[in-house]
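Here is a friendly walk through one structure, written for someone who likes cut-offs stated plainly. Have the coordinates open as you read.

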Amino acid sequence: MPSKFSYQPCRELHVVVLGAGGVGKSCLTAQFVHNEWIESYDPTIEDSYRTQISVDGRQVMLEILDTAGTEQFVAMRDLYMKTGHGFILVFSITSRASLEEVLNLREEIIRIKDDVKVPIVIVGNKADLVDQRQVDRARAFSISQRWQAPYYETSARTRTNVDEVFVDLCRQMLRRDSSYTDSNDDMYHQKLDNPSSSKRRRKKRSNGENRCTIL
Ligand SMILES: Nc1nc2c(ncn2[C@@H]2O[C@H](COP(=O)(O)OP(=O)(O)O)[C@@H](O)[C@H]2O)c(=O)[nH]1
Ligand SMILES: [Mg+2]
């Protein structure tokens, strides 16, 4: 008789959410991990979350670091950038300055990782605030094309494109998986049918291979 439990290797991938203060990093992370909208976060809180998702039939354990622009963070930034497998670079469509910050962050990531093909998703958050838009879509798309990194406009408030951002990044990271897996040290087996083994998430809708998504 087949076993009640199936076992499958679960890849652990480290995601770092970066961007200027106030762009919505914590709100996006909370929407993705907990499916909840939290109006106001302590901007100095930096936290990490673990959540398991299924992407194209593969189980992935995501360790998501929601960064905060605190002084300690500046000191630790190199470490996060070194250990992160994929990066979500968030700006707010209501702030041109926050897009400039994303440009700087990407430079820094590439310098530290010494890898121009590092998995990145560019996120223009607060897309619900249409009247306050300061960043043209065309500008963001041209950066997306130059970097060959997908661009999504999201709203953490309405949960628009939130899952899509994380799933896209997962796909990119999985594609590069072989280069991360020099050893099997961080591979482990997880009892998939045991609900207590991790926070379980709904299976994500497949978003095809669209590289640029707008509302
Ligand atoms: N309208 C709107 N406000 C948002 C959105 N995301 C975040 N906010 C607001 O922006 C502020 C900063 O969000 P937070 O996630 O703490 O930003 P962080 O500093 O990047 O982590 C909060 O007041 C949120 O309520 C969004 O998509 N739409
Ligand atoms: Mg925050």
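Which residues in α1 are buried? They are K25, S26, C27, L28, T29, A30, Q31 and F32. A residue counts as buried if 20 or more other C-beta atoms lie within 10 Å of its own, as exposed if 12 or fewer do, and as partly exposed in between, with C-beta atoms placed from the backbone.

## Ground rules and confidence

This is a predicted model, in which local features need pLDDT of at least 70 and side-chain atom pairs count only at pLDDT 80 or more, while totals for chains, interfaces and linings use all residues. Residues are numbered from 1 along each chain as its sequence is written, and chains are lettered from A and ligands numbered from 1 in the order in which they are written.

The predictor's confidence in each residue is its pLDDT, on a scale from 0 to 100. For the protein chain the mean is 82, with 75% of residues at 70 or more. Please take care with residues 182-215, where pLDDT stays under 50 and the model has 50 contacts beyond four places in sequence. A contact here means two C-beta atoms, placed from the backbone, within 7 Å. Where pLDDT is low, the predicted coordinates should not be read in detail.

## Overall layout

The protein chain has six helices and eight strands. These are DSSP runs numbered from the N terminus, with helices being H or I over at least four residues and strands being E over at least two. Along the sequence, the pattern reads β-α-β-β-α-β-α-β-α-β-α-α-β-β.

Of the 215 residues in the protein chain, 34% count as buried. Among contacts with a separation of 6 or more, 75% join residues 24 or more positions apart.

## Helix α1 and ligand 1

Helix α1 covers residues 25-34. Eight of its ten residues are buried, so this helix is largely enclosed by the rest of the structure. After α1 comes N35, with a positive phi near 55°. N35 sits in the loop between α1 and β2 (47-55) and counts as exposed because it has 12 C-beta neighbours inside 10 Å. For context, most residues other than glycine have a negative phi.

How many residues surround ligand 1? There are 19, and the closest are G24, K25, S26, C27 and A156. A residue joins this shell if its C-beta atom, placed from the backbone, lies within 6 Å of the ligand. Helix α1 gives the most to the shell, with three residues. By type, the shell divides into six nonpolar, eight polar and five charged residues. In that scheme Ala, Val, Leu, Ile, Met, Phe, Trp, Tyr, Cys and Pro are nonpolar, Asp, Glu, Lys and Arg are charged, and the others, Gly among them, are polar.

The largest nonpolar core has 46 residues, and I88 and L89 have the most contacts inside it. Helix α5 gives the most to this core, with seven residues. Such a core is a set of buried Ala, Val, Leu, Ile, Met, Phe, Trp, Tyr and Cys residues joined through C-beta atoms within 7 Å. Leaving aside neighbours within four places in sequence, I88 is in contact with V15, V17, V121, V123, V165 and L169.

Not counting residues up to four places away in sequence, L174 touches V55 and R58.

## Two loops worth a look

The loop between β6 (151-153) and α5 holds T160 and N161. T160 is partly exposed because it has 18 C-beta neighbours inside 10 Å, whereas N161 is buried, with 23 other C-beta atoms within 10 Å. N161 has a positive phi near 65°.

In the loop between β2 and β3 (58-66) you will find D56, which is exposed, with 11 other C-beta atoms within 10 Å. D56 and V167 are 111 residues apart along the chain, yet their C-alpha atoms are separated by 9.4 Å.
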